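Please keep the sequence and the structure at hand while reading.

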Amino acid sequence: MHLVAVLALDPVVPFDLSIPVDTFRWVLLADGSPGYQVRVCAVDGEVSAGPFSIRAPWGLDGLRDADTVVVPGQSVVDRPVPEEALAALREAAARGARIASICTGAFVLAAAGLLNGRRATTHWGGTAELARRFPAVEVDPDVLYVDEGDVLTSAGAAAGLDLCLHLIRCDHGSAVAADAARLAVMPLERDGGQAQFIAHEPPAPDGASVQPLLHWLEDNLHLPLTLADIAGRAALSSRTLNRRFREQTGTTPLQWLHRARLRRAQHLLETTGHPVERIAEQVGFTSPTTFRDRFKRLVGTSPARYRRTFRGAA
């Protein structure tokens, strides 16, 4: 039986912890036998989960024979990870265990050196900080999860469930994964390349020097801005602007501008009845076709479908 060890670290996000525990625990194979055995492991016996604490029945020794190790997110990402936990993760990876993270658990994998030279993702609110703190990691802020074979990372909240269903499909096939998805009342077909639905992307904590520029960009999304325009506003050379911008936001000025335009478009689709062509113009796209293409690439669905899904909820 496939053994999954879930490593809970202080202060663990309760929802992130429950996702792999429940998703894997209820998987049944065609003959009715369980597909997984799940262990909850911790450095010490008790783990803080914010308003309550959790008793973990396994210590770090529970990782030694695990086939898959899952690291849920922590609510405080700048808290040092115990070295013995990082060593246990490295040992598990070295012997061939599959390592996965949910949400900000990617910071733990990065601290262990398991993401160096790899693509990875995390919750959209932490992607810039992950890129700043671990420059050897290729951070992709626009996907639900990243599968690098033996190391996988996912974005926040329900994206962790997408990742777990993906692992079940890899291990036992689509039929078993579909049954697990039905139990979780989740669609099986959400692909890892689908974008996170981002409501707001704040600058990195140390982004004060580009903060006025970010505000100016937000106020002028409708203009046909070039890199030279943005650099001129910042009174910097394009090269210096690119370097400083990436250091503080984890991306380039033009990439940030494109995402800001599409976030504004999401807001307009949710809150107005404006035609898609008008929204494209309001957020700086001269071609509605280009707008639709970029919107679908980033958000993972068309503007019309996005409006049908989210405008009613709004």
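What percentage of the 314 residues in the protein do buried residues make up? Buried residues account for 51% of the 314 residues, where buried means under 20% relative accessible area, exposed over 50%, and partly exposed in between (1.4 Å probe, protein chains only). This is a predicted model, in which local features need pLDDT of at least 70 and side-chain atom pairs count only at pLDDT 80 or more, while totals for chains, interfaces and linings use all residues. Residues are numbered from 1 along each chain as its sequence is written, and side-chain values use heavy atoms, with hydrogens and water left out.

**Overall fold**

The secondary structure comprises 13 helices and 10 strands; these are DSSP runs numbered from the N terminus, helices being H or I of at least four residues and strands E of at least two. The C-alpha trace spans about 60 × 40 × 35 Å along its principal axes. A compact globule of 314 residues would have a radius of gyration near 20 Å, and the 21 Å of the protein agrees with that. The radius is taken over C-alpha atoms, and the globule rule is 2.2 Å times the number of residues to the power 0.38. Of the contacts (heavy atoms within 4.5 Å) between residues at least 6 apart in sequence, 64% join residues at least 24 apart.

**Helix α7**

In α7 (residues 211-219), Leu-213, Leu-214, Trp-216 and Leu-217 are buried. Viewed down the axis of α7, its buried residues fall within an arc of 160°, so they line one face of the helix; the arc is that of the directions from the helix axis to the C-beta atoms. The cover over these buried residues includes α8 (227-234), α9 (238-249) and α10 (253-271). Pro-212 and Asp-219 are exposed, on the face of α7 turned away from its buried side.

**Aromatic rings**

Rings of Phe, Tyr and Trp (its six-membered ring) pair if their centres lie within 6.5 Å; planes under 30 degrees apart count as stacked, over 60 as edge-to-face and the rest as tilted. By this rule there are 5 aromatic pairs. In one of them, Phe-291 and Phe-295 have ring centres 5.8 Å apart and planes at 55°, so the pair is tilted. Both Phe-291 and Phe-295 are buried, and being 4 residues apart in helix α12 (residues 288-299) they are separated by about one helical turn. Phe-291 and Phe-295 also belong to one aromatic cluster with Phe-285 and Tyr-306.

Two arginines sit over tryptophan rings, as tabulated below. A charge sits over a ring if NZ of Lys or CZ of Arg is within 6 Å of the ring centre and within 35 degrees of the ring normal.

| Charged residue | Ring | Distance from ring centre |
|---|---|---|
| Arg-39 | Trp-58 | 3.9 Å |
| Arg-263 | Trp-256 | 5.5 Å |

**Backbone details**

Most residues other than glycine have a negative phi, and most peptide bonds are trans. Asp-10 and Pro-11 are joined by a cis peptide bond, with omega about -20°; Pro-11 is in the loop between β1 (2-7) and α1 (14-25). Cys-103, not a glycine, has a positive phi of about 60°. Cys-103 lies in the loop between β6 (98-101) and α3 and is buried, with a relative accessible area of 9%. Ala-235 likewise has a positive phi of about 60°. Ala-235 is in the loop between α8 and α9 and is exposed, with a relative accessible area of 67%.
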